[in-house]
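Open the model in your viewer and get ready to select a few things in turn. We will visit pairs of helices and then the ligand.

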Amino acid sequence: MKRVYLDNAATTRLIPEVLNEMLPYMTDIYGNPSSPHYFGQQSAMAVDRARQQVASAINADPSEIIFMSGGSEADNTAIRGIAERYSKKGKHIITTAVEHHAVLHTCQLLEKQGYEVTYLPVDEYGMVTAEQVRDAMRDDTILVTIMFANNEVGTIMPIAEIGKLCRERKVFFHTDAVQAVGHLPIDVQAMNIDMLSMSAHKFHGPKGIGALYVRKGIIVPALIVGGAQERNRRAGTENVPGIVGMGKAIELACSDLEAKANKMMVLRDKLIREIPLRIPEVKLNGHPTSRLPNNVNYSIKYIEGESILLMLDLNGIAASSGSACTSGSLDPSHVLLAMGLTHEVAHGSVRMTLCDDTTEEDIDYVLEVLPKVAAKLRDMSPLYHA
Ligand SMILES: *Cc1c(COP(=O)(O)O)cnc(C)c1O
């Protein structure tokens with residue numbers, strides 16, 4: 001059976017060039033980077049090289065990169081760290097209603113500890129504005145945390161504008177850029193970003209490794225304490241193969257970034273254009289233009305997203321409803337609800353996320369299968385006939 005993987009926002013394929021870089025660090029080069037002997041120093045050099053690769057992908061200095069287990073840990077470290085360290089200055093945090101749960105649940109935890117959090121509402125496209133952030137700022141605001149691009153609907157937030165505002169107001173600015181790294185050009189200097197979370201498995205690197213960028217001069221206490229690794233900012237023996245893989249993956253993703261994005265956008269736009277021509281009563285979720293190059297998200301009215309996904313899967317197509325973390329629960333996506341969708345329409349959402357080896361053939365196959373699946377399910381749907 002033909003298999004088409006369109007769930008790259010959940011995770012991506014580890015590419016062979018990346019695996020090849022990693023393999024020696026799983027076999028011959030096994031020293032602990034903290035050990036001063038030859039074995040250890042081979043590993044330490046590899047970690048340094050990867051740190052350089054990650055830093056240069058976002059225009060940071062290598063000393064500003066802290067390796068850790070992934071995007072969730074980076075979000076936790078940034079938000080909880082700033083809250084703890086700067087609580088004397090204030091206890092107010094600004095975020096949005098559409099963040100990943102790694103940010104939302106961290107903020108909710110802080111609320112229980114006496115912090116106040118403003119969850120900015122979004123417009124129908126899932127967008128917040130810098131004006132909203134400005135209006136929410138108070139004298140006791142210590143942190144603004146707003147995602148670079150949304151994992152469910154692909155909407156790209158006005159990060160440079162928000163960064164400029166935060167810098168002027170001297171409020172720390174963190175962004176969860178897990179979906180943006182490797183897809184969009186990022187410059188932490190030009191965009192005035194103080195902290196940025198990333199995760200290798202979202203850009204064809206290995207799972208279980210990510211990094212937090214922290215601008216020089218900002219102190220983010222470690223979430224995991226113990227040894228002095230990562231200059232006391234994250235304890236635990238380094239995941240050397242993972243770090244090496246992340247370095248290679250980010251270098252590959254960011255070389256030719258524009259050409260790869262353009263290629264994906266052509267296919268993305270074909271899906272966006274053709275789906276409403278082949279299926280009546282659908283709604284595009286997310287921003288029409290300020291959108292990740294690989295994201296398509298449609299609500300197919302009167303049917304359940306879960307049943308669409310099941311039938312797509314039976315036809316070899318892997319897609320998702322909302323985010324992978326929430327499917328399995330029957331609650332509709334908090335992102336779609338925040339955008340003003342009704343429960344019914346939110347339940348009918350299907351997310352398809354491409355990567356740079358998605359082909360036009362793959363897209364044509366989806367355009368052949370999806371309308372049939374939708375028609376069949378609507379045939380059985382009392383909602384549709386009503
Ligand atoms: C995947 C994802 C995360 C979590 O990253 P992990 O490395 O899987 O912990 C956080 N934020 C966003 C926006 C994501 O898409």
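Select helix 3 and helix 4 together. Helix 3 passes helix 4 in a right-handed crossing. Helix 3 covers residues 71-85, and helix 4 covers residues 101-112. Keep in mind that this is a predicted model. How close do the axes of helix 3 and helix 4 come, and at what angle do they cross? The axes come within 9 Å and cross at roughly 30°. Angles under 35 degrees count as roughly parallel. Helix 3 and helix 4 are therefore roughly parallel to each other.

**Next stop: the ligand**

Keep helix 3 coloured and show the ligand. Which helix gives the most to the shell around the ligand? Helix 3 does, with 3 residues.

Now select the residues around the ligand. They are Gly70, Gly71, Ser72, Asp75, His100, Asn151, Asp176, Val178, Gln179, Ser199, His201 and Lys202. Colour this shell by class. You get 1 nonpolar, 8 polar and 3 charged residues.

- Glycine 71: a backbone N or O atom lies 2.8 Å from an oxygen atom of the ligand.
- Serine 72: an N or O atom in the side chain is 2.7 Å from an oxygen atom of the ligand.
- Aspartate 176: a polar side-chain atom lies 2.6 Å from a nitrogen atom of the ligand.

How much of the ligand's accessible area does the protein cover? On its own, the ligand has 380 Å² of accessible area, and the protein covers 86% of that.

**Next stop: helix 2 and helix 8**

Select residues 38-57 for helix 2 and residues 240-254 for helix 8. Their axes are 8 Å apart, and the two helices pack at an angle of about 30°. That makes helix 2 roughly parallel to helix 8. Is the crossing left-handed or right-handed? Turn the view and check: helix 2 passes helix 8 in a left-handed crossing.

**Last stop: helix 10 and helix 13**

Select residues 305-314 for helix 10, then residues 360-379 for helix 13. Their axes come within 10 Å. The crossing angle is roughly 130°. Angles of 65 to 115 degrees count as roughly perpendicular, and those over 145 as roughly antiparallel. As for handedness, helix 10 passes helix 13 in a right-handed crossing.

Conventions. Residues numbered from 1 in each chain as written. Predicted model: local features only at pLDDT ≥ 70, side-chain atom pairs only at ≥ 80, totals over all residues. Heavy atoms only, no water. Near = heavy atom within 4 Å. Polar contact = N/O pair within 3.5 Å; in protein donor to acceptor, adjacent residues only side chain to side chain. Areas by Shrake-Rupley, 256 points an atom, 1.4 Å probe, with all protein chains shown as cover. Helix = DSSP H or I, 4+ residues; strand = E, 2+ residues; numbered from the N terminus. Nonpolar A, V, L, I, M, F, W, Y, C, P; charged D, E, K, R; others polar. Axes fitted to C-alpha atoms, helices over the stretch in contact; angles between N-to-C directions. Left-handed = near helix turned anticlockwise from the far one by under 90°.
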